[in-house]
Amino acid sequence: MKSAYNSTSEADNTSLVSSSCCHQHEHHHETCQHHSEATDDGHNAAYEHHHADVSPTPISWLTRTVVLLLFLGSGYYLWLQWPAMLMTSIKWQRDINGQLSDLLYDAQQNITAAYSLAGLSFLYGIFHSLGPGHGKMIVTTYLATNPAKIKASLIMTVVSAFVQAVVAITLVSILLVFFKSSMRQVNDAADQFISYSFMAMLLLGVIVIYRSLKQAWQLRSAQRHHHHDHGDDCGCGHKHFANADEINNATSLREYIVIVFSIGIRPCTGAILVLLFANMVGLYWLGVISAILMAVGTALTTSGIALLTLSGKKIVSRYLATNQRQRTMTSIIVKLIGGILLVLLGLLLLNGHSYGMSPVL
């Protein structure tokens, strides 16, 4: 009886030990599996993070230097040829002005001359926008020193050109119809609007300077709150550096409005001239159409200048920038320089305009 009891007890103990061992083995297996999965996840995350940080195509300093020299050399050659290009453009504009006047007189006798007038007005807008003017300085300076997208830049240049035409048509129409003003009075009023455009240019420079200083202060404050070592994408849940597009998204619309105002508030001199001539010959409606076609030509040229500016800036930033932090800091510094340049140009144009001097920019 005792032997049977001992056999039963030993069997139960053996079963308990076996069950305990199996339970420990299963728990150990689950622990190992969980640890293996965690290790694999960590390894994969580290692997992905490592490959995300590695630049796919590192660029040598020699390549960057060559690209920078080519860019500077092209700019210097353009600078040398610019006076000759301006003089040629001014000569073409004078010739076209004379032909516009002749076509307006011809349109009194033969309305088919209006087709030639329309084509010539379009060409005038193209050549006129290649000549001296502060609008191109605003567009090129702003786009070269501030993050801007192609679509927004093209919309800005096109709207600015058409606002110029609308301002010229509205100004001349009001002065001629309601005030019966003379040509000299119309020119004096247009001259006053030019002063407003220079003031808007100065305001734009102040806004750009303020924003760049504000962004620099925000970056410095962010660095103070993070004393531990962080990369561009450290995974700690904080965003330490904004990219070049994000630092301009907040109030870029406000700056675009100021740019459109600073360019468009200055009426096109060619549009004013053709409107006055059209009023003299009794074909004012034809002068309005001519002014609009001038705006189309101007928009085409300024949009091309904007695309060239953005392309040149993209090439330079592609070969000179190294990481996100340097791109952000460089963007802020360049934006500050652009704002200062706009302020200086605005002051120069305002002072030259106050002395009755024709601005050369």
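Let me begin with a definition: helix axes here are lines fitted to C-alpha atoms over the stretch in contact, and the angles between them run from 0 to 180 degrees between N-to-C directions. With that in hand, the axes of α5 and α7 come within 8 Å and cross at roughly 35 degrees.

Before I go on, a word on what we are looking at. This is a predicted model, in which local features need pLDDT of at least 70 and side-chain atom pairs count only at pLDDT 80 or more, while totals for chains, interfaces and linings use all residues. Residues are numbered from 1 along each chain as its sequence is written, and side-chain values use heavy atoms, with hydrogens and water left out.

Now the overall picture. The protein has ten helices and zero strands, where helices are DSSP runs of H or I with at least four residues, strands are runs of E with at least two, and both are numbered from the N terminus. Of the 361 residues in the protein, 36% are buried; buried means under 20% relative accessible area, exposed means over 50%, and partly exposed is in between, with a 1.4 Å probe and protein chains only. The accessible surface comes to about 22000 Å², and 66% of that belongs to carbon and sulfur atoms, the areas coming from the Shrake-Rupley method with a 1.4 Å probe, where for residues only the protein chains shown count as cover. If we take contacts between residues at least 6 apart in sequence, 84% of them join residues at least 24 apart, a contact being heavy atoms within 4.5 Å.

Let me return to helix α5 and its partners. α5 passes α7 in a right-handed crossing, and a crossing is called right-handed if the near helix is turned clockwise from the far one by less than a right angle, and left-handed if anticlockwise. On the α5 side, the contact is made by Ala-152, Met-156, Val-159, Ser-160, Val-163, Gln-164 and Val-167, and on the α7 side by Tyr-256, Ile-259, Val-260, Ile-263 and Gly-264. By class, these residues divide into nine nonpolar, three polar and no charged, where Ala, Val, Leu, Ile, Met, Phe, Trp, Tyr, Cys and Pro count as nonpolar, Asp, Glu, Lys and Arg as charged, and the others, Gly among them, as polar.

Helix α5, which covers residues 150-177, also meets helix α8, residues 269-280, and here the axes come within 9 Å and cross at roughly 40 degrees. This crossing of α5 and α8 is right-handed. Ala-168, Ile-169, Val-172 and Leu-176 of α5 face Ala-271, Ile-272, Leu-275, Leu-276 and Asn-279 of α8 in contact, and the contact has eight nonpolar residues, one polar and no charged.

Lys-180 lies in the loop between α5 and α6, and Lys-180 has a positive phi of about 50 degrees although it is not a glycine. For background, most residues other than glycine have a negative phi. Is Lys-180 buried or exposed? Lys-180 is exposed, because its relative accessible area is 66%. Ser-181 is placed in that loop between α5 and α6 as well, yet Ser-181 counts as buried, at 13% relative accessibility. Leaving out residues up to four places away in sequence, Ser-181 touches Leu-175, Leu-176 and Val-186.

Turning to charges, how many salt bridges does a search of the whole structure find? The search finds two, a salt bridge being a side-chain nitrogen of Lys or Arg within 4 Å of a carboxyl oxygen of Asp or Glu. One joins Lys-91 to Asp-95, with the closest N and O atoms 3.4 Å apart, and both residues lie in helix α2, four residues apart, or about one turn of the helix. Asp-95 counts as partly exposed, at 37% relative accessibility. In the other, the side chains of Glu-255 and Arg-211 meet at 2.6 Å, N to O. Glu-255 lies in helix α7 and Arg-211 in helix α6, so this pair ties together parts that are 44 residues apart in sequence. Glu-255 is buried at 0% relative accessibility, and Arg-211 is buried with a relative accessible area of 7%.

Finally, Leu-342, in helix α10, is buried at 1% relative accessibility, and Leu-342 is in contact with Ile-138, Thr-141, Met-201, Leu-204 and Gly-205, its neighbours within four places in sequence left aside.
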